[in-house]
Each structure stands twice: as structure tokens, then as C-alpha cells.
Amino acid sequence: GEPPCYGFAQYGGERATLSIARLGARGTSEAAVEAYQKRIAREAVHVVGHLWTLHHCYDPRCPMHPSWSQALPEEPGTDLCNFCREKSEAKIRLGKS
């Protein structure tokens, strides 16, 4: 089957795209809008993570965990897990040298 895909990134590349088409209706309450914005932020971090050569993560709280996973929490976070954060920081340090 086709998993729900919210974006595409050239793995280790320079370009990515993000789509909100599969996120569904946003809702009108303040809480619904905030949850919608957090989900968009999570998907953006995921796509940028692929640009930084991060793979999918086993930690369901990490944005690099696949969006189509059944283990994804109701309100997934936007903070990378320790492993993904260390790998991304190493990539940033290499880029500065």
C-alpha cells in the first residue's frame, strides 16, 4: 500500500517539499489550530532531517519516526531524539569546517 506521505526530500540533497494535503481539516478552535501547526512543524523537521541524511528513527516521539507508523503518538513532538540530534549536530559541525 501507499503510506501517507507529507513531503519529499532529496536524501542528503539540497531540496525538499512539504504538503499538507493529507493532513485533513485544521479545525477552528485554538487548540485544533495549535495541534495542526505542531503537526506541520513535525513533518517539516522530518523532511529537513532527510536533507541532513537522517534515516527513520525507532523512537515514536522523534520527528524522524515514519509518519505512517501505527506507533506515532496522537500529538507527535518536534524535538529530535538524542541519537538523531547528535547525528545532525555532527553534520552541522562538518559543514562549518
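This is a predicted model: local features need pLDDT of at least 70, side-chain atom pairs count only at pLDDT 80 or more; totals for chains, interfaces and linings use all residues.
The protein chain holds two helices and two strands, arranged along the sequence as β-β-α-α. Its radius of gyration is 14 Å, close to the 13 Å that the globule rule gives for 97 residues, so the chain is as compact as a globular protein of that length. A search of the whole structure finds zero disulfides.

**Overall shape and packing**

- Taken along the principal axes, the C-alpha atoms of the protein chain fill a box of roughly 45 × 25 × 25 Å.
- Of the 97 residues in the protein chain, 30% are buried.
- Among contacts in the protein chain with a separation of 6 or more, 44% join residues 24 or more positions apart.

**Helix H1**

- Helix H1 covers residues 30-51.
- The end C-alpha atoms of H1 are 32 Å apart, which agrees with the 32 Å that its 22 residues should span at 1.5 Å a residue.
- The buried residues of H1 are Tyr36, Arg39, Arg42, Glu43, His46, Val47, Gly49, His50 and Leu51.
- These buried residues of H1 pack against strand S1 (7-9) and strand S2, the latter spanning 16-18.
- Arg39 lies in H1 and has a relative accessible area of 18%, so it counts as buried under the 20% cut-off.
- Leaving aside neighbours within four places in sequence, Arg39 is in contact with Tyr6, Leu23, Ser67, Leu72 and Pro76.

**His50 and the end of H1**

- His50 is found in H1 and is buried, with a relative accessible area of 16%.
- A polar atom of the His50 side chain lies 3.0 Å from the backbone oxygen of Leu54.
- Beyond four places in sequence, the contacts of His50 are Ala9, Gln10, Tyr11, Gly12, His55, His56 and Met64.
- H1 is followed by Thr53, whose phi is positive, near 65 degrees.
- Most residues other than glycine have a negative phi.
- Thr53 is not a glycine, yet has a positive phi of about 65 degrees.
- Thr53 is placed in the loop between H1 and helix H2 (82-96).
- The relative accessible area of Thr53 is 19%, so this residue is buried under the 20% cut-off.

**Nonpolar core and cysteines**

- The largest nonpolar core has seven residues: Leu54, Cys57, Cys62, Met64, Leu80, Cys81 and Cys84.
- In soluble globular proteins, nonpolar side chains tend to be buried together.
- Cys57, a member of this core, is buried at 13% relative accessibility.
- The cysteine sulfur closest to that of Cys57 belongs to Cys81 and is 3.5 Å away, so the two sulfurs are too far apart for a bond.
- Cys84 is also in no disulfide, and the nearest cysteine sulfur, that of Cys81, is 3.6 Å away.
- Cys84 is buried, with a relative accessible area of 3%.

- Ile20 lies in the loop between S2 and H1 and is partly exposed, at 44% relative accessibility.
- Not counting residues up to four places away in sequence, Ile20 touches Tyr36 and Ile40.
- The C-alpha atoms of Ile20 and Glu43 are separated by 9.2 Å, although these residues are 23 residues apart along the chain.
- Thr78 is found in the loop between H1 and H2 and is partly exposed, with a relative accessible area of 34%.
- Leaving aside neighbours within four places in sequence, Thr78 is in contact with Lys38, Ala41, Arg42, Val45 and Pro63.
- The C-alpha atoms of Thr78 and Pro63 are 5.6 Å apart, with a separation of 15 residues along the chain.

Conventions:
Residues are numbered from 1 along each chain as its sequence is written. Side-chain values use heavy atoms; hydrogens and water are left out. A nonpolar core is a set of buried Ala, Val, Leu, Ile, Met, Phe, Trp, Tyr and Cys residues joined through side-chain atoms within 4.5 Å. Buried means under 20% relative accessible area, exposed over 50%, partly exposed in between (1.4 Å probe, protein chains only). Helices (H or I, at least four residues) and strands (E, at least two) are DSSP runs, numbered from the N terminus. A polar contact is a pair of N or O atoms within 3.5 Å; within protein, one must be able to donate a hydrogen and the other to accept it, and residues adjacent in sequence count only if both atoms are side-chain atoms. Contact means heavy atoms within 4.5 Å. A disulfide is a pair of cysteine sulfur atoms within 2.5 Å. The expected span of a helix is 1.5 Å times one less than its number of residues. The radius of gyration is taken over C-alpha atoms; the globule rule is 2.2 Å times the number of residues to the power 0.38.
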